[in-house]
Amino acid sequence: MDRIPILRMGSFLIVTIQVDMHDRLALALQDDLTSKIAATEAKGVLIDISALEIVDSFIGRMLANISAMARILDAQTVVTGMQPAVAITLVELGLSLPGIRTALNVERGMELLRSSLASAEEPDAEDDDAAFEA
C-alpha cells in the first residue's frame, strides 16, 4: 500500500499530498501523522493539498480529524494550496473544517506555524506579575 511521506523540519512536520486521496490512504496518513507527531513532539503540521483537484466528504472529514488529533497532541495544523474547486466543494458539502488554519501557499503556511509557535512560547505578562507576587 502506498504511503504519503511525512517530512520533519525543525519542530514542524510537512505533508505534501501529490496523489489522489482514496479512503485507505487517508486513514493511513491519519495513523502515520499522529504517530509521528507523538514520536517527534512536533508543534506544527503543514499539509499541502495543492495537487488535489477533487475532495469528497470523507477526505474533508479526514482533514478535520487529523487537525483535531494534532491539537490533542499539542500541534497546530495549517492546510496550504487549496484549489478553488476544493474550497467550493467543501463548503457545498457543509464541511467548515473547524480548527484548521489555511494559507495560500507553503511559505505563508510556514509563517503561520512559526507565528503561532512564537506566540505560544511567549510568557503571558499577567502570569509574570503573579509569579513575582507569590
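**Figure 1. Overall fold of the protein chain.** Of the contacts in the protein chain with a separation of 6 or more, 73% join residues 24 or more positions apart, a contact being defined as heavy atoms within 4.5 Å. The model is a predicted one, in which local features need pLDDT of at least 70 and side-chain atom pairs count only at pLDDT 80 or more, whereas totals for chains, interfaces and linings use all residues. Residues are numbered from 1 along each chain as its sequence is written, and side-chain values use heavy atoms, with hydrogens and water left out. The protein chain contains five helices and five strands; these elements are DSSP runs numbered from the N terminus, with helices (H or I) of at least four residues and strands (E) of at least two. Along the sequence, their order is β-β-α-β-α-β-α-β-α-α. Taken along the principal axes, the box filled by the C-alpha atoms is roughly 55 × 30 × 25 Å.

**Figure 2. Burial and surface of the protein chain.** Of the 134 residues in the protein chain, 38% are buried. Residues are classed by relative accessible area as buried (under 20%), exposed (over 50%) or partly exposed (in between), with a 1.4 Å probe and protein chains only. The protein chain exposes about 7900 Å², of which carbon and sulfur atoms supply 53%. These accessible areas come from the Shrake-Rupley method with a 1.4 Å probe, and for residues only the protein chains shown count as cover.

**Figure 3. Packing of helices H1 and H2.** Two packed helices are described by the angle between their axes and the distance between the axes. Helix H1 spans residues 23-40 and helix H2 residues 57-72; they pack at an angle of about 10 degrees, and their axes lie 10 Å apart. Each axis is a line fitted to C-alpha atoms, for helices over the stretch in contact, and angles run from 0 to 180 degrees between N-to-C directions. H1 and H2 are therefore roughly parallel to each other, a class that takes in angles under 35 degrees, with those over 145 being roughly antiparallel, 65 to 115 roughly perpendicular and the rest oblique.

**Figure 4. Residues at the contact of H1 with H2.** On the H1 side, the contact is formed by Asp23, Ala26, Leu27, Leu29, Gln30, Leu33, Thr34 and Ile37, which meet Phe58, Ile59, Met62, Asn65, Ile66, Met69 and Ala70 of H2. By class, eleven of the residues in this contact are nonpolar, three are polar and one is charged. Here Ala, Val, Leu, Ile, Met, Phe, Trp, Tyr, Cys and Pro count as nonpolar, Asp, Glu, Lys and Arg as charged, and the others, Gly among them, as polar. Phenylalanine 58 lies in helix H2. Apart from neighbours within four places in sequence, phenylalanine 58 is in contact with Asp23, Ala26 and Leu27. Phenylalanine 58 and histidine 22 are separated by 36 residues in sequence and by 9.0 Å in space, C-alpha to C-alpha.

**Figure 5. Salt bridge between arginine 3 and aspartate 32.** The whole structure holds two salt bridges, each defined by a side-chain nitrogen of Lys or Arg within 4 Å of a carboxyl oxygen of Asp or Glu. In the pair formed by arginine 3 and aspartate 32, the closest N and O atoms are 3.1 Å apart. Arginine 3 belongs to the segment before strand E1 (6-9) and aspartate 32 to helix H1, so this pair ties together parts 29 residues apart in sequence. Aspartate 32 is partly exposed, its relative accessible area being 24%.

Figure 6. The side chains of lysine 43 and aspartate 74 meet in a salt bridge of 2.7 Å, N to O. Aspartate 74 is in the loop between H2 and strand E4 (76-80), and lysine 43 is in the loop between H1 and strand E3 (44-48), so the pair ties together parts 31 residues apart in sequence. Lysine 43 is partly exposed at 33% relative accessibility, and aspartate 74 is partly exposed at 49%. Aspartate 74 has a positive phi of about 70 degrees although it is not a glycine. Glutamate 41, which is not a glycine, has a positive phi of about 55 degrees. Glutamate 41 sits in the loop between H1 and E3 and is exposed, at 62% relative accessibility.

**Figure 7. Surroundings of threonine 80.** Threonine 80 is part of strand E4 and is buried, with a relative accessible area of 0%. Apart from neighbours within four places in sequence, the residues in contact with threonine 80 are Leu46, Ile47, Asp48, Ile49, Ser50, Ala103, Asn105, Val106 and Gly109.
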